[in-house]
Amino acid sequence: GTEAEKFVLKKGPRGTRAAAAVAPKAQASSNAASAGKKSNWRRKHEEFIETIRAAKQMQAHLAKGGKLSDLPPPPRSENPDYIQCPHCNRRFNEAAANRHIPKCATMLHNKPKPQPPKKRY
């Protein structure tokens, strides 16, 4: 019978806290998070399967007595969520890219070296 009553969860029919009041909020936040980024589970799964196949191929080749240098390099996996730095071509997640790219822009190793003036004789 106080003003705090609307903030207190009430017990449901089975004696548990009212999960119905919490569930819509949880669904809304998960839907908002998934709306921003599209799920790419199928591509991740296919990359995982290719990696496993390459590992099995390597193990079989080594078991036969072959050299590791005879095999092609394993398949490269790229995460489309990563952002590539335009200066050093490394890839970072969004938060790390926001920190890295401004620093990398001012690094001396990313700048072209000045050419010495040509001597005329």
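The following questions and answers move from the overall fold to single residues.

Reply: This is a predicted model, in which local features need pLDDT of at least 70, side-chain atom pairs count only at pLDDT 80 or more, and totals for chains, interfaces and linings use all residues. Residues are numbered from 1 along each chain as its sequence is written, and side-chain values use heavy atoms, with hydrogens and water left out.

Me: In which helix is confidence highest?

Reply: Confidence is expressed as pLDDT, the predictor's confidence in each residue, from 0 to 100. The protein averages 77, and 74% of the residues score at least 70. The mean is lowest in helix 1 (residues 19–36), at 51. The highest mean, 92, belongs to helix 3.

Me: Is His100 buried or exposed?

Reply: His100 lies in helix 3 (residues 94–105). Buried means under 20% relative accessible area, exposed over 50%, and partly exposed in between (1.4 Å probe, protein chains only). Because its relative accessibility is 16%, His100 counts as buried.

Me: How far apart in space are Cys88 and Ala105, C-alpha to C-alpha?

Reply: Cys88 counts as partly exposed, because its relative accessibility is 25%. Along the sequence, Cys88 and Ala105 are 17 residues apart. In space, their C-alpha atoms are separated by 9.0 Å.

Me: What is the phi of Asn89?

Reply: Asn89 is in the loop between strand 1 (83–84) and strand 2 (91–92), and Asn89 is exposed, with a relative accessible area of 52%. Most residues other than glycine have a negative phi. Asn89 is not a glycine, yet its phi is positive, at about 65 degrees.

Me: What separation is there between the C-alpha atoms of Thr106 and His87?

Reply: Thr106 is in the segment after helix 3. Thr106 counts as exposed, because its relative accessibility is 61%. Thr106 and His87 are 19 residues apart along the chain, and their C-alpha atoms are separated by 9.6 Å.

Me: How many nonpolar, polar and charged residues are in the lining of the largest pocket?

Reply: Residues that line the largest pocket include Thr51, Gln57, Met58 and Pro75; a pocket is an open set of points on a 1 Å grid over the protein atoms alone, with protein on both sides within 12 Å along at least five of seven lines, and lining residues have an atom within 4 Å of a point. Ala, Val, Leu, Ile, Met, Phe, Trp, Tyr, Cys and Pro count as nonpolar, Asp, Glu, Lys and Arg as charged, and the others, Gly among them, as polar. The lining divides into nine nonpolar, two polar and no charged.

Technical notes
Helix = DSSP H or I, 4+ residues; strand = E, 2+ residues; numbered from the N terminus. 1 Å grid on protein atoms, 1.4 Å probe; cavity = no way out; pocket = protein on both sides within 12 Å on 5 of 7 lines; lining within 4 Å.
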